[in-house]
Amino acid sequence: MARIFSSLPDKPDHNALELDVLGRWEQEQTFDRLREQNRGGPRFSFVDGPVTANKTLAVHTAWGRTLKDVFQRYKALRGFDQRYQNGFDCQGLWIEVGVERELGLNSKREIEEYGLAEFARKCREKVIWSATELTRGSKRLGQWMDWGNDYFTFSDTNIEYIWRFLKLQHAQGRLHKGHRSTEWCPRCGTSISQHELSQSGVYQDKTDPSLYVRLPLRDRPGESLVVWTTTPWTLPANVAAAVKPDAEYILKPNGEWVARALEPDATAERTVLGAELVGLEYDGPYDHLPAVEGTEHRVIPWEDVTLDEGTGVVHIAPGCGGEDFELSKVHGLRVLTPVDESGRFYDEYGWLHGLSAADAADQITGDLAERGRLVASTQIVHRYPHCWRCDTPLIFRITDDWFIGVDDLRQPLLDANATVEWTPAYMGKRMDDWLRNMGDWNISRRRYYGLPLPIYECGCGHVTVVGSKAELAERAVSGLDQLEELRRPWVDEVPIRCEACEETVRRIPEVGDVWLDAGIVPFSTLGWESPEWVPQGYATGAAKGLTTADLPDHAYWEQWFPADWVSEMREQIRLWFYSQLFMSVALVGRAPFQKVLGYEKMLDEQGREMHGSWGNMIEAQDAFARMGADVIRWQGAAQPPNQALLFGFGPAHEIRRKLLTLWNSARFLVDYANIGGWTPSWDDLAAGPAGELQPLDRWLVSRTSAFVEDATAGYESWWTPNVVRAFEAFVDDVSNWYIRRTRRRFWDGDETAFAVLWYALVQGLRVISPVMPFLADHLWRVLTEPAEGAPDSAFLAGWPEAAERDDALLAEVADVRRVVELGRQARATAGVKLRQPLRAMVVEGAELARSHADEIAEELRVKAVSFGAVDASELRVRPNLPVLGPKLGKELAGVRAALESGAFEELAGGGFRVAGHELAPEEVLVERQGKEGFAVASADSVTVALDTHLDEELVREGRVYDLIHAVNSLRKEAGLELTDRIRLTIPADDADLLSHSDWIARETLAVSVEANGPQLSIAKA
Ligand SMILES: [Zn+2]
Ligand SMILES: [Zn+2]
């Protein structure tokens, strides 16, 4: 007989199967046909957050890409027209630092010596390499995007959009240069902004010196202030010592002034309030250095002095700290900036000159000790900020940076965020908190490969912000002919004429914060205010030749903005979600997205961060080969996004085991349909399976509808864990109930059973296909190929309609399954194996299962099942001490004794009356134990009791089941087909089993059963 379905092997080889499906999609242009099918449908606007193009695909990026793809595939199945534009982030420190490493460059000076033009070309090459790798990895993951139509943030078009944004901010008075103290990376030679500090990994434990330093008071011989610092390099910049005005300070016998709160046991020669010390002058720690000469040092008041560490007297160096700098403005203090861009001391710092902040620490400690200024020196481990890109400990420096003021936007930003639906909701609250507290946006970086800030600051004081390439060309004095891209060094060679004084003015050297590049995307890629549609208008500047992306026109932006949905990890709240929101509110006064799905971090399966150097990093390529993309996706989709995903090969193994249950169910159908000559009908899928349905068939159809509805609700609430959980329960019901209970009908070629199982499996595959597209589409092809009229891919089949469902029947079978599960538990507890038949069983609760007593009896191998009160068990009730202890106090002992002696009354609803108290169900711990000869199990107010007494006949029947099991194992070992007949020989010792020879023959397909062997054997008949 010709096979109707293609056979399935014992188990799937995920990697091979997936490569096969990828090839088929490519060849059959499945994705293109899907897009064509949905063109003109309702729109689902997803805007992809650009992935940094400096690496290959990492597994944690694969999580985010999975979620994006799951929802895009789901929306496509529902007929939504989508854009599918992928984005690459191509500028900034991420790219620069990688290239610096490859070229062996260690400082900004070396980059400049290498040449900015050549450096820019190397950065572009790095981006191209990474974009190719990320595309390859993402395709392998199954992500359907319009590859080749990507947006690259380094395109001139993107840059021009940001220029325009900055020009508008300038016109509205928000752009300004600030002289501020900022966190600074001495290796990268640039300031680090507030939101960059919020990236993960920035705060790390660091060991630093902990110094207590003496500052002698000028007019009080023998008396000194004692200050504490963990940053010795800042001491040469000391100009003041701050005290808390209303705190008590004591003078110790050794002449040292400290806060009372920090040395409560010390002897005090004198006690004063901090306010009384204010104004005193002292000798600075480094007055003799040229830079410090002539600096006045005095005690200042500061409410924020903490009294939980240090001495209560705080060393103030306005050139080296944010709060210190603010205090300098209040108190008119001198600002000493001791280190340069690379964190090295300036020449005027005498013997320190050229030393880095880190190297100076030891020398300063030694020097202070020598001069008798050191009170104590130890070490401290504390959380300290590091550069997010190069891991160098950050320092504070005073610099001139460019900022966008936030004050007038704060409320509109909060209002816009309130319109966004965040999943999980707490992430929206985090955004709200951030918006309430963030400062002005520091947009300038002293680097090379980034958005050139179009700011021209003239000596006359006039500031011009150029808003486009055309405007630059119009105002240029020279250099246009060499302008390859809007990028350093070329753009630096195009000075303009100052419109105020007519002088030639050059661009400031700074480049922009990368979050400007990504934040503008909802405008630059959708054609905001673009007067016309420009074919390949996004493939400009560095992006030329890398993409076919058009610059759409404004009408298109109107259609696709704001995004219906965006999704990135939580960290992006202060990064991409923020920069987009900021730019969008500033430009058009509203949020650029309506819904957000955020997710937490990915860690290894032990819950540790993954690091290349820890050996626990999993390469995406390795994961594809060893787990398969479906399993990677499954891990991502099953994970509640409000908790970290613990990713690894252990969980992957567990998922493959679950997927095998689905596989086996499909294989069961395929094998028996091929034997029985059954062919599916495509119409069954819409209309429901044809034929005379039995109760179990009707149940599976209802169960399928319930699954379709549950999973749909999961997708609609952006919560994939609910989809996965619903699918697992559904597959368990199909395999461990429907197939298990219906097996014989398949052997008999029952067409209705085939149609019902086929219907359930195919509907199930459609619904889970967004989560695991490969296995789902492969099985779809196998199961639907024989059905005339079926689309060749699940993704072209649309979303299934849930058929009618019979909730009463679903509840009945759920009760039956509960009873059977408890019956198995009771057997296990009593050590009675499942193959051993038993006489009787009583079920209490689970009333709905009453009409299924026969099925329960058969499943549990029990001769008789009755419903009613289980008195075969003893109830043991104990007090739940953590709850009852506080409630009952002294009376607890009496209640406990009464419970122990059984002097209690069970109340409806699970409570108990005992010793004059009514106890609620949560106040007690209840156990049911079988009486002698009974096995009892109980859960959720259902109790089952199995009579475990065995008579001779029961024992014999148990041996028959063992025999059948053994014969079927032999059949498998011998490689027999399901339909092959055998001759069976059983050991002579088992001759008494021949009383059941018909039964044995039926179950093993034996044409003869003889009991004359030395051992069990079979022969093909
Ligand atoms: Zn750095
Ligand atoms: Zn001027």
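Biologist: Let's start with Lys-252. Buried or exposed?
Modeller: In this predicted model, Lys-252 has a relative accessibility of 13%, so it counts as buried. The cut-off for buried is under 20%.

Biologist: Which residue does the side chain of Lys-252 meet in a salt bridge?
Modeller: Glu-263, with N to O at 3.0 Å. The two sit in distant parts of the chain: Lys-252 is in the loop between strands E9 (248-251) and E10 (256-259), and Glu-263 is in the loop between E10 and strand E11 (270-273). They are 11 residues apart.

Biologist: And how accessible is Glu-263?
Modeller: Glu-263 has a relative accessible area of 27%, so it is partly exposed.

Biologist: How many salt bridges turn up in the whole structure?
Modeller: A search finds 90. One of them joins Asp-792 to Arg-33, and their closest N and O atoms are 2.9 Å apart.

Biologist: Where do Asp-792 and Arg-33 lie?
Modeller: Arg-33 is in helix H2 (residues 30-38), while Asp-792 is in the loop between helix H24 (773-784) and helix H25 (807-830), so the pair ties together parts 759 residues apart in sequence. Asp-792 is partly exposed at 26% relative accessible area, and Arg-33 is partly exposed at 32%.

Biologist: What about Arg-959, which residue does it form a salt bridge with?
Modeller: Asp-990, with the closest N and O atoms 3.0 Å apart. Arg-959 belongs to helix H29 (residues 952-973) and Asp-990 to the loop between strand E37 (982-987) and helix H30 (997-1004), so this pair ties together parts that are 31 residues apart in sequence. Arg-959 is partly exposed, at 29%. Asp-990 is partly exposed too, at 21%.

Biologist: Which residues are linked in a network of salt bridges?
Modeller: The network holds Arg-740, Arg-741, Glu-821, Arg-824, Glu-855, Glu-858 and Glu-859.

Biologist: Asp-630 is buried, so to speak, on its own. What is the nearest side chain of opposite charge?
Modeller: Arg-633, at 4.9 Å. A salt bridge needs the atoms within 4 Å, and Asp-630 has none.

Biologist: What does the side chain of Asp-630 reach, then?
Modeller: The backbone nitrogen of Phe-774, at 3.2 Å. Asp-630 itself lies in helix H18 (residues 629-638).

Biologist: New topic: metals. What coordinates the zinc ion called ligand 1?
Modeller: The SG atoms of Cys-185, Cys-188, Cys-387 and Cys-390, at 2.3 Å. The spacing of these donor residues in sequence is C-x2-C-x198-C-x2-C.

Biologist: Why is the arrangement around ligand 1 called tetrahedral?
Modeller: Because the four donor atoms around this zinc ion subtend angles of 102 to 120°. For comparison, the ideal angle for four tetrahedral donors is 109.5 degrees.

Biologist: Are Cys-387 and Cys-390 buried or exposed?
Modeller: Cys-387 is buried at 1% relative accessibility. Cys-390 is buried as well, at 14%.

Biologist: And which residues coordinate the zinc ion of ligand 2?
Modeller: Cys-458, Cys-460, Cys-498 and Cys-501, through their SG atoms, at 2.2 to 2.3 Å. The donors follow the spacing C-x1-C-x37-C-x2-C.

Biologist: What angles do the donors of ligand 2 subtend?
Modeller: They subtend 102 to 116°, which makes the arrangement tetrahedral. As for accessibility, Cys-460 is partly exposed at 44%, and Cys-501 is partly exposed at 29%.

Biologist: Now helix H28. Which of its residues are buried?
Modeller: H28 covers residues 892-900, and Leu-892, Val-895, Ala-898 and Leu-899 are buried there. These residues cover an arc of only 130° around the axis, which puts them on the same side of H28.

Biologist: What does the face turned away from that buried side carry?
Modeller: The exposed residues Ala-893 and Glu-900. After H28 comes Gly-902, with a positive phi near 85°.

Biologist: Last one. How many helices and strands are there in the protein?
Modeller: There are 30 helices and 39 strands. The protein has 1021 residues, of which 56% are buried. Its C-alpha atoms fill a box of roughly 115 × 80 × 55 Å along the principal axes.

Key:
Residues numbered from 1 in each chain as written. Chains lettered and ligands numbered in written order. Predicted model: local features only at pLDDT ≥ 70, side-chain atom pairs only at ≥ 80, totals over all residues. Heavy atoms only, no water. Donors = N, O, S within 2.8 Å, 3.2 Å for Na, K, Ca; no water. Tetrahedral: all angles 85-135°; square planar, octahedral: opposite > 155°, others 65-115°. Buried < 20%, exposed > 50% of the residue type's maximum accessible area, 1.4 Å probe, protein only. Helix = DSSP H or I, 4+ residues; strand = E, 2+ residues; numbered from the N terminus. Arc of directions from axis to C-beta. Lys, Arg positive; Asp, Glu negative; His and termini not counted. Polar contact = N/O pair within 3.5 Å; in protein donor to acceptor, adjacent residues only side chain to side chain.
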